[in-house]
Amino acid sequence: MTDPDTPDALKAVVRRNTEEVQGRGDFALFDQLFADDFVDHTPQPGTTPDKAGVLVLYQRLRNAFTDFHPEIHWQTVDGDIVTTYKVYHGTHNGEFLGIAPTGKRIQFETVDAMRVRDGKITDHWGVANLYSVLQQLEALPT
């Protein structure tokens with residue numbers, strides 16, 4: 001049996017969330033990967049700092065960017081926290097942050113730190129470069 005707390009196992013949980021849940025929209029897997037008492041320490045506007053709030057965020061991103069997909073550049077582990085640097089890509093075919101669909105291709109960088117315990121994501125801290133999305137959608141005031 002594989003130890004769920006090795007660095008590779010911890011990274012694999014976060015990678016599955018990034019690639020399969022966020023990238024492919026496998027929301028049944030989302031429920032398996034996130035602990036029921038999950039806490040988002042940096043929730044996005046219009047969401048709650050819990051498991052339900054993250055699900056809303058993921059669904060909004062997939063609805064706004066129809067071909068939404070991540071590109072993981074690196075991951076590192078410190079204790080039970082996996083930090084991931086990734087770039088998201090997609091085409092703006094649905095409303096996002098109150099901006100009507102533009103059909104423009106976007107990409108933005110994100111750094112996430114996720115605590116994984118017993119094979120489940122329990123905590124999240126993250127920074128996303130949403131300013132660059134607004135620039136790419138030409139939604140910033142001149």
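Colleague: What should I know about the model before I read any feature?

Modeller: The model is predicted, and local features need pLDDT of at least 70, side-chain atom pairs count only at pLDDT 80 or more, while totals for chains, interfaces and linings use all residues. Residues are numbered from 1 along each chain as its sequence is written, and side-chain values use heavy atoms, with hydrogens and water left out.

Colleague: In what order do the strands of the open sheet lie?

Modeller: Helices (H or I, at least four residues) and strands (E, at least two) are DSSP runs numbered from the N terminus, and two strands pair if DSSP finds at least two bridges between them. Here an open sheet of 5 strands has the order β1-β5-β4-β3-β2, and its pairing is mixed. The edge strands, each of which pairs on one side only, are β1 and β2. From one strand to the next the twist averages 25°, where axes are lines fitted to C-alpha atoms, for helices over the stretch in contact, and angles run from 0 to 180 degrees between N-to-C directions.

Colleague: Which strands run antiparallel to β4, and over how many bridges?

Modeller: Strand β3 (residues 81-91) and strand β4 (residues 105-117) run antiparallel and are joined by 11 bridges, and within that pairing Gly90 stands opposite Ile106 of β4. On β5 (residues 120-128), β4 pairs in the antiparallel sense over 8 bridges. β4 and β5 form a hairpin with 2 residues between them, and Asp118 in the turn has a positive phi of about 55°.

Colleague: In which sense do β1 and β5 pair, parallel or antiparallel?

Modeller: Strand β1 (residues 34-40) pairs with β5 in the parallel sense over 3 bridges, and Asp40 has His124 of β5 as its bridge partner. As a general idea to carry along the strands, side chains in a regular strand alternate between the two faces of the sheet.

Colleague: How many aromatic pairs does the structure hold?

Modeller: Rings of Phe, Tyr and Trp (its six-membered ring) pair if their centres lie within 6.5 Å, and planes under 30 degrees apart count as stacked, over 60 as edge-to-face and the rest as tilted. The structure holds 9 aromatic pairs. In one of them the ring centres of Phe34 and Phe38 are 5.0 Å apart and the planes stand at 75°, so this pair is edge-to-face. Elsewhere, ring pairs link Phe65, Phe68, Tyr88, Phe96 and Phe108 into a cluster.

Colleague: Is Phe34 buried or exposed, and what of Phe38?

Modeller: Buried means under 20% relative accessible area, exposed over 50%, and partly exposed in between (1.4 Å probe, protein chains only). Phe34 has a relative accessible area of 0% and is therefore buried, and Phe38, at 3%, counts as buried as well.

Colleague: How many salt bridges are counted?

Modeller: Side chains of opposite charge can pair when their charged atoms come close. A salt bridge is a side-chain nitrogen of Lys or Arg within 4 Å of a carboxyl oxygen of Asp or Glu, and the count by this rule comes to 10. One of them joins the side chains of Asp36 and Lys51 at 3.0 Å, N to O, and it links distant parts of the chain, since Asp36 is in strand β1 and Lys51 in helix α3 (residues 51-64), 15 residues apart. Asp36 is exposed at 72% relative accessibility, whereas Lys51 is buried at 10%.

Colleague: Which parts of the chain does the pair of Asp67 and Arg105 tie together?

Modeller: Asp67 and Arg105 form a salt bridge whose closest N and O atoms are 2.8 Å apart. Asp67 lies in the loop between α3 and β2 (69-78) and Arg105 in strand β4, so the pair ties together parts 38 residues apart in sequence. Both count as partly exposed, Asp67 at 32% and Arg105 at 49%.

Colleague: Which residues share partners in one salt-bridge network?

Modeller: The side chains of Arg115 and Asp80 meet in a salt bridge of 3.3 Å, N to O, and salt bridges that share partners join Asp80, Arg115, Arg117 and Asp123 into one network.
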